Structures are given as structure tokens and as C-alpha cells.
Amino acid sequence: MELKITCIPGDGIGPEIVAEAKKVLDAVAVKYGHQMNYTDILMGGASIDAYGVPLTEEAVQTAKSADAVLMGSIGGDTTTSPWYKLPPNLRPEAGLLAIRKALNLFANLRPAVLYEELAGACPLKEEISAAGFDMLIMRELTGGLYFGERKTVEENGVRKAIDTLTYDENEIRRIAVKGFEIAMKRKKKVTSVDKANVLDSSRLWRNVVEEVAKDYPDVTLEHMLVDNCAMQLVKDPAQFDVILTENMFGDILSDEASMVTGSIGMLASASLNDTRFGLYEPSHGSAPDIAGKDIANPIATILSSSMMLRYSFDLDEEADAIDNAVKQVLKEGYRTADIMSEGCTKVGCKQMGDLLAQKIG
Ligand code: IPM
Ligand code: MG
């Protein structure tokens, strides 16, 4: 089949890691008889440099005309890059928020898995990490605090900033449904995370999640307050299957969960709307300090491309081939610098891509 994919190489290590993902996708295309039809667009700092804005309407239209979007990473060093001297709505991150909204990508799936081969990288005590873990954070991505009205005013010489956190029941229901649906394909447990002891938006969240749960009697639902969840993630991560939560809580908890794996360079993500369309990106950032040195780990982006094959194109066999290639290459002891350990073979970004592409072919 023909796969129409819009690529956003982006900033920092983005272009290098997307190039390796394309290499692996091309190997999949040859092996399974598909055609990859890529179109690149600019977003973030690269778009600011070219057009003065972090995302153009034309880029959004190109993304919309594809079946899926594969992204590297955007943004630069916030203390030194000139992009961060611009007003907030013109900075690189604004492009990412804008494309999520424009494409209605309300469901953000962030798996955090402890790979057996990389268990040594887990920063938790061995008695905790020994249980392993495999969780998926289902983060609401187009509502809440990040998309509410905001302003900064001055009242009687005192500066005051206001952000608003709004959710309506439809926004909560659609993400809850996605959470339960994915739990059905996993260990059938949903932990809904909120701050219902304080926030009205959380109390509505809890009520709507309870309503949705009635349609999924096979799924165990539990509620957890976000502060407790932050603690439980380091105390007993094995207890989690699907963590269902709102935008800001999911932003924070997904960083914590990825840190707990000890290998953020391995973690993929998918942002989906109501159709099969999705945007796929690594969970890590643009790492400007190591950009262009051929030392970045491309695996998170490569695994994101596997999620793309699975969720947007229904190509499970092809996606499995990528996931297995990653496991195989790790088993053979190849490591990029970020996950290097004694006795292993250190490889660069390009070589990691080559090894994975060879395994497919
Ligand atoms: C993420 C990032 C973004 C977010 C930023 C860059 C706007 O932290 O994808 O988690 O908060 O959503
Ligand atoms: Mg984040």
C-alpha cells in the first residue's frame, strides 16, 4: 500500500533521528511491498528561521493531507537560543501546541516500559525494578490549562497572571473512551488521575470517567490523586497499566514515568484524533547540546514510526518487525551513548539506524 507521511524533522537532534526512522521505514517498505510517500514540513525553530512563525497554515494543510505525521523534536536551548527572546506565541513550542489543536489530536499515548536489557539503567532500587513495568499514559492533549484563556495584567502596580483550566464533559468522555479501549487490549486496568479533592474540573473528570467505565465492565477502574500518583510511580510502578489523565498532569507524570525507565531515548508516543490519523514523536526533547554529533539515540523515533504503522495504517506485522528488531539489536549488545553500559558495543545514531534496517531486511 501507499503510505502518505508528513515528516517534521524539526530542531536539535530532530533531523538526525527522523532520517534514521525513514531508513527503517524504507526497509519495511521493501520487505513488505509498500510505498512510502514522504513530504517534509517545517515546525518550531526551523519554521521560525524560515518564515518568522513556528507553524505556517501551509504546513498544517500539508499535514492534514497525509495519513500520518512523523515528528522528530522541536525547540532549542531556552537560555541561549534567540527563539526564546520572541513573544511566547511565536516560540517553537507554540508550533507544537498549534498543530495538536489544528489536527484535533486530543489523545496522547505515552508508553513507559522497562526493557529487560536496560533494567540496569532504571534509577529505582532493584527490589522495585525487579518487578518490571509496562504502563501507558493516556494524556488529554488539546484541553485544560494549556489551551485555556490566559493573560498577564497589572493591577495597582502589581503584576498578575491568569491561566484557566476548563474541561467540558465531551472532552473528558472522548479521552476516557480511548483510555478504556486501549486498556481492553492490555492488562485491563485504568488508573484515572485527578486532583478531585481540590479542583472542580477534576470532580467532573472523575464523574465522567465513572460513567464511561460502565461500558467496560471487564476493566478495573481506580482513581488516584495526582500527588499520590507521582509518589506511586517511583514506589511501585508495576501497579500501573493505563494511566488516564488531563493535559498538565499527563505532561508531568509522563516525564516522571520516562525517567523511571532510565532510558528516555527509547520512549515513543502517539497523538491521535477520532480517525486513524495521528502524529508520532519520541517522548524526549530536541537535545540541542548533542545535535549534529551523530550520538543521539534514534530508537524512540523508530518506535514511534512503529506505532504509526500500527495505529494509523493497521500494519501490525510490520510494526512487530520494527519492535522485534529493536529488541534484537539490544540483545546483541548495541547501545547508543545514552544507554551504554559495560560490555556493550557503542554505536552512533546512523549506525543504530543501519543495524535496525538490516534486521528488518
Ligand atoms: C510535551 C512537551 C510539550 C507539552 C511542550 C513542549 C509544549 O513538554 O510534549 O510533553 O507540554 O505538551
Ligand atoms: Mg512535556
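1. A pocket here is an open set of grid points, on a 1 Å grid over the protein atoms alone, with protein on both sides within 12 Å along at least five of seven lines. A molecule sits in a pocket if more than half of its atoms lie within 2 Å of its grid points. In this predicted model, ligand 1 takes up the space of the second largest pocket.

2. The second largest pocket has a volume of about 590 Å³. It is lined by 27 residues, of which E93, L96, R100, R110 and D251 are the closest to its centre. Elements giving two or more residues to this lining are β3 (68-73), α4 (92-102), α9 (247-261) and β12 (278-282); α4 provides the largest share, four residues. By class, the lining has nine nonpolar, nine polar and nine charged residues.

3. Around ligand 1 are E93, R100, R110, R139, Y146 and D251. This shell counts five charged residues, one nonpolar and no polar.

4. Taken alone, ligand 1 exposes 320 Å², and the protein buries 73% of that.

5. The largest pocket has a volume of about 1,100 Å³. Its lining has 35 residues, with L136, I182, M307, R310 and Y311 the closest to the centre. Elements that give two or more residues to this lining include β4 (107-113), α6 (169-184) and α10 (299-311). The lining of the largest pocket divides into 17 nonpolar, three polar and 15 charged residues.

Key. Residues are numbered from 1 along each chain as its sequence is written. Chains are lettered from A and ligands numbered from 1 in the order in which they are written. This is a predicted model: local features need pLDDT of at least 70, side-chain atom pairs count only at pLDDT 80 or more; totals for chains, interfaces and linings use all residues. Side-chain values use heavy atoms; hydrogens and water are left out. A residue is near a molecule or strand if one of its heavy atoms lies within 4 Å of it. Accessible areas come from the Shrake-Rupley method with a 1.4 Å probe; for residues, only the protein chains shown count as cover. On a 1 Å grid over the protein atoms alone, a cavity is a set of points where a 1.4 Å probe fits but cannot get out, and a pocket is an open set with protein on both sides within 12 Å along at least five of seven lines; lining residues have an atom within 4 Å of a point. Ala, Val, Leu, Ile, Met, Phe, Trp, Tyr, Cys and Pro count as nonpolar, Asp, Glu, Lys and Arg as charged, and the others, Gly among them, as polar. Grid points are joined across faces, edges and corners, and a volume is the space filled by probe spheres set on the points.
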